[in-house]
Amino acid sequence: MTDDIRKIFEQAGCEGALCVRPLEGDAEFGLRADEPVVPASVVKVQVALEVATSFADGRLDPGERVTLSAADRTPGPVGTSLFTDDAVLSWRDMVVLMLTISDNHATDVLLRRVGVEALNATAARLGLTGTVIESDLRTMLDFIGEDLGRAGWKDLLAWAADASEDETAQADERLPTTRALDPLRGTRTTPRDMAELLRLIWTDRAGPAAACARVRDVMAMQLTRNRIASGFRLPVRVAAKSGSLLGVVRNEIGVVSCPDGRRYAAAVFTRSRPDSDDAAISRAIGAATAQAVTALRDTGA
């Protein structure tokens with residue numbers, strides 16, 4: 001079965017790593033489950049857990065209004081990252097934007113409020129020994145620009161607008177070696193760590209029960225359904241958080257809930273060339289997860 005799943009990723013044009021586990025018990029299906037990977041926006045689940053814990057223990061008022069400055073925004077393809085004007089949102093609603101549409105600007109505002117150190121301390125407390133967050137998202141993007149020879153992310157975008165085809169191809173070749181895309185130097189995790197994080201959240205062991213419930217509820221509302229969820233049909237339900245980075249990294253972590261009550265935490269991470277087929281890789285994530293869940297169910301897990 002491991003070879004079958006490896007072939008699913010190969011046929012989609014990517015390398016894959018995954019860990020799928022039932023929410024209770026020691027059963028597991030893994031492929032390179034302990035290898036470091038680049039999480040991309042999957043880290044937003046950790047941010048949400050930290051913020052929701054701050055709500056639950058009274059350190060942060062979920063309804064407090066916060067101004068998100070358009071002049072200081074973190075780049076991204078959706079949400080407040082695209083705004084021309086300032087926006088006023090509550091901490092609570094920023095979490096919704098972060099998990100449902102993967103809003104980068106909202107994420108960085110939340111992350112700066114709770115602090116990178118707090119997220120890493122929580123990961124250590126939960127036993128996620130392979131998980132380290134090195135910076136906020138804007139800093140990560142600036143590192144990419146610097147590693148490609150520019151002053152930062154904005155300078156890289158300005159350069160790319162006028163770059164020749166050869167210059168663009170050279171940048172694409174160098175892109176996977178940048179810090180942000182190197183799991184030995186940048187923000188990193190492992191499939192096993194993320195599967196365990198989900199198990200802890202879904203069983204109220206990652207933090208206060210109210211905080212865990214909040215993260216579960218919002219993950220169930222994620223807008224995109226083309227990765228893990230694509231491998232299943234109703235009445236199976238999937239609550240998930242995807243993550244992508246510059247056409248190289250495509251990931252998703254989530255919990256698959258079957259109508260017979262059995263539930264499975266899945267963490268799937270892929271890596272490919274920048275010109276790879278996004279739709280094919282997304283489908284592969286769903287197909288690989290479905291095969292792993294089926295294998296576990298066949299053993300009674």
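Tutor: What follows is a walk through the sheet, the helices, the cysteines and some backbone angles.

Student: What should I know about the model before we begin?

Tutor: This is a predicted model, in which local features need pLDDT of at least 70 and side-chain atom pairs count only at pLDDT 80 or more, whereas totals for chains, interfaces and linings use all residues. Residues are numbered from 1 along each chain as its sequence is written, and side-chain values use heavy atoms, with hydrogens and water left out. Helices (H or I, at least four residues) and strands (E, at least two) are DSSP runs, numbered from the N terminus.

Student: In what order do the five strands of the open sheet lie?

Tutor: Two strands count as paired if DSSP finds at least two bridges between them. Here the order is S2-S1-S7-S6-S5, and the pairing is antiparallel. Strand S2 (29-31) and strand S5 (237-245) stand at the edges with a single partner strand each, so one side of each has no neighbour in the sheet. From one strand to the next the twist averages 10 degrees.

Student: At roughly what angle do the axes of H2 and H5 cross?

Tutor: Two packed helices are described by the angle between their axes and the distance between the axes. Axes are lines fitted to C-alpha atoms, for helices over the stretch in contact, and angles run from 0 to 180 degrees between N-to-C directions. The axes of helix H2 (residues 44-56) and helix H5 (residues 116-125) cross at roughly 95 degrees and come within 10 Å. That makes the two helices, H2 and H5, roughly perpendicular, where angles under 35 degrees count as roughly parallel, over 145 as roughly antiparallel, 65 to 115 as roughly perpendicular and the rest as oblique.

Student: Which residues of H2 and H5 meet?

Tutor: Contact means heavy atoms within 4.5 Å. On the H2 side there are Gln-46, Val-47, Leu-49 and Glu-50, which meet Ala-118, Leu-119, Thr-122 and Ala-123 in H5.

Student: Which residues of H3 are buried, and what covers them?

Tutor: In helix H3 (residues 91-100), the buried residues include Trp-91, Met-94, Val-95 and Met-98. Their cover includes H2, S3, S4, helix H4 (104-114), helix H10 (209-219) and S5.

Student: How many disulfides are there?

Tutor: A disulfide is a pair of cysteine sulfur atoms within 2.5 Å, and by this rule the count is zero. For Cys-14 the nearest cysteine sulfur, that of Cys-19, is 17 Å away, and Cys-14 is buried at 8% relative accessibility. The sulfur of Cys-258 is 16 Å from the closest cysteine sulfur, in Cys-19, which is too far for a bond.

Student: Where do I find a cis peptide bond or a positive phi?

Tutor: Most residues other than glycine have a negative phi, and most peptide bonds are trans. The peptide bond from Leu-234 to Pro-235 is cis, with omega near 15 degrees, and Pro-235 lies in the loop between H10 and S5. Ala-40 has a positive phi, near 55 degrees, and is placed in the loop between S2 and H2, where Ala-40 is buried with a relative accessible area of 12%. Leu-246 also has a positive phi, near 55 degrees, but Leu-246 is partly exposed, with a relative accessible area of 32%.

Terms used
Buried means under 20% relative accessible area, exposed over 50%, partly exposed in between (1.4 Å probe, protein chains only).
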